[in-house]
Number of protein chains: 2
Amino acid sequence: MKATVHGEGMRTQLVTIHDVARAAGVSPATVSRVFNGGKVTPARALSVQEAAAALGFAPNRVARSLRKQRSSVIALIIPDIENPFFTSLARGVEDAAQRTSLSVVLCNSDEDTDKERRYLEVALGEQMAGVIVAAASQDQTDLGPLTDRRVPVVAVDRRPRDAEVDAVRVDNHHGGEVATRHLLQAGYHRIACITGPEGASTSEERLAGHRAALRAAQGGAAAADNTYVRHADFRVDGGRAAMRELLALPEPPDAVFVANNLMTIGVLDALRETGRTPPDVGVLSFGDVPWASLVRPSLTAVELPSYELGRTAADLLLQRMDGSVSPVQTVVLRTKLQVRESTAGPAQT
Amino acid sequence: MKATVHGEGMRTQLVTIHDVARAAGVSPATVSRVFNGGKVTPARALSVQEAAAALGFAPNRVARSLRKQRSSVIALIIPDIENPFFTSLARGVEDAAQRTSLSVVLCNSDEDTDKERRYLEVALGEQMAGVIVAAASQDQTDLGPLTDRRVPVVAVDRRPRDAEVDAVRVDNHHGGEVATRHLLQAGYHRIACITGPEGASTSEERLAGHRAALRAAQGGAAAADNTYVRHADFRVDGGRAAMRELLALPEPPDAVFVANNLMTIGVLDALRETGRTPPDVGVLSFGDVPWASLVRPSLTAVELPSYELGRTAADLLLQRMDGSVSPVQTVVLRTKLQVRESTAGPAQT
DNA sequence: CCTGCCGGTGAAAAGGATTTCACACTGGTA
DNA sequence: TACCAGTGTGAAATCCTTTTCACCGGCAGG
């Protein structure tokens, strides 16, 4: 079997629709129709299929894309392939696309707007059927070329400013508010916030939620105070550095709301350096820490529907590709607080 | 600025090389030459570039691929996008490709040979410039169609049986041997092994290394005994289930060599269920556990050069794409034992 | 002065599929 | 019988770029 295939395979030249047509005694047009559901007499269709099978014909997707002005792959552009949040999101996209004939390819922009721009160019140039993007930046990510050419685009998790595209995101403000409220209720008083880069919508919204909770509990002055607020870069090292700073304060915080999972890893690391662990210092992570079960003691987190984010984005994209012309929509998913015992409260109040 | 771009962008029709040619007063051939380094009079070249910029011309990569019979993207097919080992490997590939004009797209086969086959078809049909694949299976992964069409292919981490392609992998046998030897030296006696699926080269080789170490220390009988050997699926749940089985034995093992990082998570989970932790029971992981710093107590692991694996694979691929005709080669990278204090030995011997 | 060569150029072919359009044929109806 | 509608078919156009090939200059050598 293998031998046969290999024997045939030595031919380095592509089997084209023409070859199949000749073998089946029909025109190329008919062969195309057989493979694309055109009307063809059953007898002919059969002989075409047989000929195609015998020759090992596989359509040239490039030629097809050129003619149809649209390929059958969709691109998912994410800013950090090493962040489990995005890989889970990717799984959601894939599973949704799975039910169609579309293939998903992943592009890692690495939080780098240049790389991202290149990938957007590739998506456009390769005439991809659609693009789902978690933007590396609010203002520099330009989806214009895509939308101009009517390529369906969905923004996920992060929404580039003034882009007229469907979007799926989480309720960051609400999540931040619930998180900090939980810490307050657990008995913590000096609650810090380590959020993402300034200018990123996710950073700002989560911080705003945090402030709203503080305001409700401790009044406007506390909420406006920036002593316990740090901006970092959504990565492990950034979280660690920010936490070290906070711990070095004359009066360090007794709890911290961390606006992303990776930074939480850094925070726990910094805590360990000083010999402290939750719930001695309260730690609440926005986004679950991967394999949180390993963390001892385990910590409370705002659980993000990463998988659903991806699935919903893909569904939206598929709708658009099916020709939906409904006005641009934004879907907002709710977060869920995942409480684990050990953050019940500070050691002694 | 944005407004201008947008104003131009309303055109939904593609700017072609013809439009640029007309605007610059030259032939399409000349425009092509300008963009591909053909010989063109400087003055003409300049006017072409100006015209292209003014019109916002971006070459149609599909048409180009069709004509050149080769696109400018390479595919990286991995079996589990949620495994940090593979995402790190992906980073290595990307960074290497970065220095060229090639783009990398990631495909997640999900350990599913059907999905994998589809992605291989896509890679072939899209006439990708090259493919790096961590095969989902030894025997079902068929690279024949690719190699027949002379598409450069590199197998990474796992080597599909009888595929004549360059390969990069780690020295699994050696790594397994070192791992188990370390456990023996630490004073453990009844050392189990949880390895991957039967038939996977990585599973078998790591197990063989484990057995070699046992044989050296305890003789052939111990090495041939399968009481403490389990095959699982390289995932968290598989590791947990296997460990539960081992713990339920009349005489449970006092240490375990786990052949992959994710299964180790499951193992630690199973241990926790019974209230035990390393070094009470020795745990040695093949492949580092993500954010191992969080694990308390931390554990010893065979560190895999995942990033280098990716980078080396990409380098090999680039060589082939540059036309290297040297015979097929396999690069084997060494593992490194990452010792952490807490696995110094069993509680009481 | 003539020949040969070489660098730059444009017309046209090639790459492989889809799709339009015209046509031939069938079967039913006036 | 003549006509019409409908269906299946193939020739040819189309998608956009790269690349071959022929050609036209100009320049150097004989």
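## A valine in the core

Let's start with A:V256. Leaving aside residues up to four places away in sequence, A:V256 touches A:I191, A:A192, A:I194, A:M243, A:L246, A:V267, A:V281 and A:V283. Two residues count as in contact if their C-beta atoms, placed from the backbone, lie within 7 Å.

This is a predicted model, where local features need pLDDT of at least 70 and side-chain atom pairs count only at pLDDT 80 or more, while totals for chains, interfaces and linings use all residues. Residues are numbered from 1 along each chain as its sequence is written, and chains are lettered from A and ligands numbered from 1 in the order in which they are written.

A:V256 and B:V256 have the most contacts inside the largest nonpolar core, which has 174 residues. Such a core is a set of buried Ala, Val, Leu, Ile, Met, Phe, Trp, Tyr and Cys residues joined through C-beta atoms within 7 Å; buried means that 20 or more other C-beta atoms lie within 10 Å of a residue's own, with C-beta atoms placed from the backbone.

## The sheet and its helices

Chain A has an open sheet of 6 strands, in the order β7-β6-β8-β9-β10-β12, with mixed pairing. The edge strands, each pairing on one side only, are β7 (229–231) and β12 (336–338) of chain A. From one strand to the next, the twist averages 15°. Helices (H or I, at least four residues) and strands (E, at least two) are DSSP runs, numbered from the N terminus, and two strands pair if DSSP finds at least two bridges between them.

Zoom in on β8 (residues 255–258) and β9 (residues 282–286) of chain A: they pair in the parallel sense over 4 bridges. In β9(A), A:G282 is the bridge partner of A:A255.

α9 (residues 172–185) lies across β6, β8, β9, β10 and β12, at about 165° to β9(A). α10 (residues 201–218) lies across β6, β7, β8 and β9, at about 170° to β6(A). These angles run from 0 to 180 degrees between N-to-C directions, using axes fitted to C-alpha atoms, for helices over the stretch in contact.

## Where the chains meet

Here, 49 residues of chain A are in contact with 49 residues of chain B. Elements of chain A supplying at least two residues each to its side include α1 (2–9), α6 (84–98) and α13 (261–273).

## Around the DNA

Of the 29 residues around DNA strand C, A:T16, A:I17, A:S32, A:A63 and B:K39 come nearest. Being near takes a C-beta atom, placed from the backbone, within 6 Å of the strand. α3(A) gives the largest share of this surface, 6 residues.

Definitions and conventions:
Buried ≥ 20, exposed ≤ 12 C-beta atoms within 10 Å, placed from the backbone.
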